[in-house]
Amino acid sequence: MTTIDPNDFFNQPDPFTDVPPDHRSGFVAVVGRPNVGKSTLMNAILGQKVAIVSHRPQTTRNRIAGILTREDCQIVFIDTPGIHKPKHRLGKYMVDEAYRALPDADLALWVVDVSKMPRSDDRRVAQALSQQHLPVVLAMNKIDITPPDRLLAHADVYRALVPGLAADIAVSALKGQGVDALVDEIRALLPLGPRYYPPDQVSDVQERFLVAELIREKALLYLREEVPHAVAVDLQDFQERENGVIYIFARIFVERESQKGILVGKGGGMIKKIGAEARKEIEAALGRRVFLDLHVKVKPKWRTNPAELRRLGYA
Ligand SMILES: Nc1nc2c(ncn2[C@@H]2O[C@H](COP(=O)(O)OP(=O)(O)OP(=O)(O)O)[C@@H](O)[C@H]2O)c(=O)[nH]1
Ligand SMILES: [Mg+2]
């Protein structure tokens with residue numbers, strides 16, 4: 001029989017408080033208008049895909065925490081939906097989600113697409129940040145596609161939108177340029193403090209949420225115009241079968257018959273493609289073999305229906 005010496009137990013290092021004296025920690029709200037690269041940047045900082053990414057605006061719909069643990073700091077990044085002028089109840093929920101990340105944050109990381117001049121949504125974000133008493137770090141993203149003269153000109157315009165920026169830095173989330181320097185800047189602005197999460201925890205995302213998001217990501221990738229934004233993924237079943245394969249059954253909602261037609265595609269080609277791509281990524285994420293069963297269902301006006309939104313986790 002093994003006995004546990006209580007002294008051994010108490011002498012174990014505590015992963016939360018046994019950190020160097022200059023250890024810093026805190027919460028960073030990652031905010032900005034849609035499509036500037038907030039989720040890409042958070043994934044680059046973490047070195048792992050926690051949030052889905054797409055070329056379409058309004059990809060992220062919920063707040064998602066990504067946790068970076070280093071010897072000298074633990075930074076909890078809160079990725080948020082892009083701030084915009086909402087057109088329906090889902091949009092309002094998304095924008096509210098983004099604003100809700102600010103009161104609990106120690107710092108705001110304001111992400112912009114510096115290849116472009118500020119738009120009205122950038123000004124909306126800047127105004128909200130100017131009204132907070134939070135240090136703001138400006139990440140000027142997409143420098144890989146920004147000619148140097150344009151970078152200089154645009155940088156001045158962005159900087160002028162939020163008075164008293166704590167720091168600004170040019171980065172490419174896609175290429176990883178400037179990402180380590182950005183983390184060092186953020187760390188220096190955070191208070192001294194312990195770890196809040198176990199060192200090996202990278203996000204607050206549940207497996208089921210990640211699976212639904214990966215399916216939605218492939219829909220965003222392959223569908224066009226309004227269709228991708230009318231998509232919601234409702235995970236119905238997620239269980240391990242005796243042969244070790246994970247069986248996943250998800251319903252994909254769209255709002256109209258015509259959208260269903262596009263999503264299913266000719267001879268079911270589109271839904272097959274989305275399913276095959278999603279399955280590959282889900283298998284990699286779970287480290288397991290997956291059987292993915294997708295059904296498309298028309299749910300008229302789900303984006304404005306409070307009960308549906310609540311059921312789908314958008315309330
Ligand atoms: N060229 C270039 N593209 C980038 C960079 N960072 C992100 N992107 C692209 O920009 C698009 C949007 O990226 P996301 O990370 O989804 O943007 P987001 O700000 O999270 O968008 P929402 O969730 O809709 O608010 C994707 O096509 C990315 O590949 C970058 O540094 N350079
Ligand atoms: Mg995003």
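Is arginine 303 buried or exposed? Arginine 303 turns out to be buried, with a relative accessible area of 8%; "buried" here stands for under 20% relative accessible area, "exposed" for over 50%, and "partly exposed" for anything in between, using a 1.4 Å probe and protein chains only. We'll come back to this residue, but let's get our bearings.

What you're looking at is a predicted model, where local features need pLDDT of at least 70 and side-chain atom pairs count only at pLDDT 80 or more, while totals for chains, interfaces and linings use all residues. Residues are numbered from 1 along each chain as its sequence is written, chains are lettered from A and ligands numbered from 1 in the order in which they are written, and side-chain values use heavy atoms, with hydrogens and water left out.

Start with the whole chain. It has 10 helices and nine strands, which are DSSP runs numbered from the N terminus (H or I with at least four residues for helices, E with at least two for strands). The C-alpha trace spans about 70 × 60 × 35 Å along its principal axes. For 315 residues, a compact globule would have a radius of gyration near 20 Å, and the chain's 21 Å agrees with that. (That radius is taken over C-alpha atoms, and the globule rule is 2.2 Å times the number of residues to the power 0.38.) Buried residues make up 49% of the 315 residues. And if you take contacts between residues at least 6 apart in sequence, 73% of them join residues at least 24 apart, a contact being heavy atoms within 4.5 Å.

Now look for the sheets. Strands of a sheet pair through backbone hydrogen bonds, either parallel or antiparallel. In this model, two strands count as paired if DSSP finds at least two bridges between them. One open sheet has six strands in the order E2-E3-E1-E4-E5-E6, with mixed pairing. Its edges are strand E2 (64–70) and strand E6 (167–170), each of which pairs on one side only. Neighbouring strands in this sheet are turned by 20° against each other on average, direction ignored; axes are lines fitted to C-alpha atoms (for helices, over the stretch in contact), and angles run from 0 to 180 degrees between N-to-C directions. To see one pairing up close, find strand E4 (residues 107–113) and strand E5 (residues 136–141), which run parallel over six bridges. There, tryptophan 110 stands opposite leucine 138 in E5.

The other open sheet to find has three strands, ordered E7-E8-E9, again with mixed pairing. E7 and E9 are its edge strands, each pairing on one side only, and neighbours are turned by 15° on average, direction ignored. E7 and strand E8 (residues 246–254) pair in the antiparallel sense over eight bridges, and phenylalanine 238 has isoleucine 248 in E8 as its bridge partner. Two helices lie across E7, E8 and E9: H7 runs at about 130° to E7, and H9 runs at about 135° to E9.

Next, the charged pairs. A salt bridge is a side-chain nitrogen of Lys or Arg within 4 Å of a carboxyl oxygen of Asp or Glu, and by this rule there are 27 of them. Here's where arginine 303 comes back: its side chain meets that of glutamate 226 in a salt bridge (3.3 Å, N to O). Glutamate 226 sits in the loop between helix H7 (207–222) and strand E7 (232–240), and arginine 303 in the loop between strand E9 (290–298) and helix H10 (306–311), so this pair ties together parts that are 77 residues apart in sequence. Glutamate 226 is partly exposed at 41%, whereas arginine 303 is buried.

Another pair is glutamate 281 with lysine 49, whose closest N and O atoms are 3.1 Å apart. Glutamate 281 belongs to helix H9 (residues 269–286) and lysine 49 to the loop between helix H2 (38–46) and E2, so these tied parts are 232 residues apart in sequence. Glutamate 240 and arginine 288 also form a salt bridge (2.8 Å, N to O), linking strand E7 to the loop between H9 and E9, 48 residues apart. Salt bridges that share partners also join Asp22, Arg70, Asp72, Asp184 and Arg187 into one network.

Finally, visit histidine 154 in helix H5 (residues 148–161). Histidine 154 is buried, with a relative accessible area of 8%. Leaving aside its neighbours within four places in sequence, histidine 154 is in contact with Val114, Ser115, Lys116 and Met117.
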